[in-house]
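Open your viewer and get ready to select a few things by residue number. We will go stop by stop, with a note on what to look for at each.

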Amino acid sequence: MDRAAFAAIIPREIVSMSEPLIRITDLCKHFPVRIAWPASANVPLTERIAKSLSRRKAAVKAVDGVSFDIMPGETLGLVGESGCGKSTLGRTLLRLLDPSSGRIEFDGQEMTELSQSQLRPLRRNMQIIFQDPYASLNPRMTVGATVAEPVEIFSIAKNNSEKERIVAELLNRVGLPVDAANRYPHEFSGGQRQRVGIARALAVKPKFIVCDEPISALDVSIQAQIVNLLQDLQKAEDLTYLFISHDLQVVRHICDRVAVMYLGKVVEIADVSSLYSVPLHPYTQALLSAVPVADPSVKHERIILGGDVPSPIDPPTGCAFHPRCQVANKPPACFQKVPKLRKLGVAHQAACHFAQRHDQQ
Ligand SMILES: Nc1ncnc2c1ncn2[C@@H]1O[C@H](COP(=O)(O)OP(=O)(O)OP(=O)(O)O)[C@@H](O)[C@H]1O
Ligand SMILES: [Mg+2]
């Protein structure tokens, strides 16, 4: 029996007792950069001039100590403002970027230390769909060649006719006409190009796909079609998704659980119903308050976040969110201690010194 059928008859808690497909532990990705020295009036002029001509070493803490599991068959949403580290996290957990520290396990196998050649067989199980379907496709390759490329790389077809059959099946699977194989990406609309990207990702029969904002570059009218396609494919192919998005309404619709990122850290992670009904972190509360509500009778207070996102090179002390936090009379801990994720509900964790437990399932 496949997992979807199993999940339909067995309570979710029991399904979720299976082993995680992905487990990341304390994952960090810091990019080394060189930046200007801070201005200081107390140093002699010659030293100041020398410093102004040089650069100091620093690190962009794009992902800074993230831990979570993704269970087989589930969709974990990843949300947060631009620059908070969502794409870097998605790419690092696929080992498209090398982690600075921490662990990544895929299907029980430790993959943090594997070399690129050792990673090769695992790569087949893990794919990525990008935001911009035009930039991610080679304009000089036909759609057929684009979809066939991974089939060739992983020697999936025995001969050319089998390869052509697989490509035709994949194009059909994602709702493209068979003659699409002989055409080039520029001949297609944005939604169709995204379908090509999905067909290419599916070509190797992966278990896990990172969907990095797969619909944000598309017209609103097309977005729902791509979301539906991703959901259909998930059921049919037993896929597990990490779904990166800015669109909290889509995330609510498509995801089982959601992780909220702020400045390289996960500040809250919960099942969809808890996150949307009892958001615990003030940052999540602010993000959700910006989501339009269809029913005008529902009282809806918009929380406006003040200031810009601080630099991931030099994040604020204590809770990195404290300079923008709307909670009044913050305790000293907010300025001094980095809050850790705490279990505050059945499937709900938040990293806020203030957040209180709730009993909602
Ligand atoms: N190669 C790099 N070198 C230095 N800094 C980088 C590099 N790649 C990303 N960053 C920085 O890492 C941080 C996280 O970037 P990332 O692209 O992961 O954010 P994001 O949450 O995906 O943003 P968006 O929603 O805009 O896609 C940003 O401050 C970004 O400038
Ligand atoms: Mg991104």
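Start by selecting R193: it is buried, because 24 other C-beta atoms lie within 10 Å. (Buried means 20 or more other C-beta atoms within 10 Å of the residue's own, exposed means 12 or fewer, partly exposed is in between, and C-beta atoms are placed from the backbone.) Before moving on, please note that this is a predicted model, in which local features need pLDDT of at least 70 and side-chain atom pairs count only at pLDDT 80 or more, while totals for chains, interfaces and linings use all residues. Residues are numbered from 1 along each chain as its sequence is written, and chains are lettered from A and ligands numbered from 1 in the order in which they are written.

**Around R193**

Which residues does R193 touch, leaving out those up to four places away in sequence? Select P133, Y134, L137, P185 and F188 to see them. (Contact means C-beta atoms, placed from the backbone, within 7 Å.) R193 itself sits in helix α8.

**The eight-stranded sheet**

Now colour the strands of the open sheet that runs β6-β7-β8-β3-β9-β10-β12-β11, with mixed pairing. (Strands pair if DSSP finds at least two bridges between them.) The edges are β6 (126-129) and β11 (342-345); each has a single partner strand, so one side of each is left without a neighbour in the sheet. On average, neighbouring strands here are turned by 20° against each other, direction ignored. (Axes are lines fitted to C-alpha atoms, for helices over the stretch in contact, and angles run from 0 to 180 degrees between N-to-C directions.)

Helix α8 (190-202) packs on this sheet, where it touches β6 and β7 (208-212), and its direction makes about 175° with that of β6. Select α12 (282-289) next: this helix lies across β3, β9 (257-262) and β10 (265-271), at about 105° to β9.

Zoom in on β3 (75-79) and β8 (240-244), which run parallel and are joined by four bridges. What is the bridge partner of G77 in β8? Pick F243 to find it.

A second stop is the open sheet β2-β1-β4-β5, whose pairing is antiparallel. Here β2 and β5 (109-110) are the edges, each with a single partner strand, so one side of each has no neighbour in the sheet. Between β4 (101-106) and β5 there are two bridges, and F106 has Q109 as its partner in β5. Helix α4 packs on this sheet, touching β1, β2 and β4, with its direction at about 120° to that of β1.

Then select ligand 1, surrounded by 13 residues, the closest being F31, A62, S82, S87 and T88. (A residue counts if its C-beta atom, placed from the backbone, lies within 6 Å of the molecule.) β1 (22-35), β2 (56-70) and α4 (86-93) are the elements giving two or more residues to this shell, and α4 gives the most, with three.

**Last stop: a helix pair**

Finally, select α6 (143-153) and α7 (160-173), which pack at about 115° with axes 10 Å apart. Show G144, V147, A148 and V151 of α6 against K163, I166, V167, L170 and L171 of α7 to see the contact.

How values were computed. Two residues are in contact if their C-beta atoms, placed from the backbone, lie within 7 Å.
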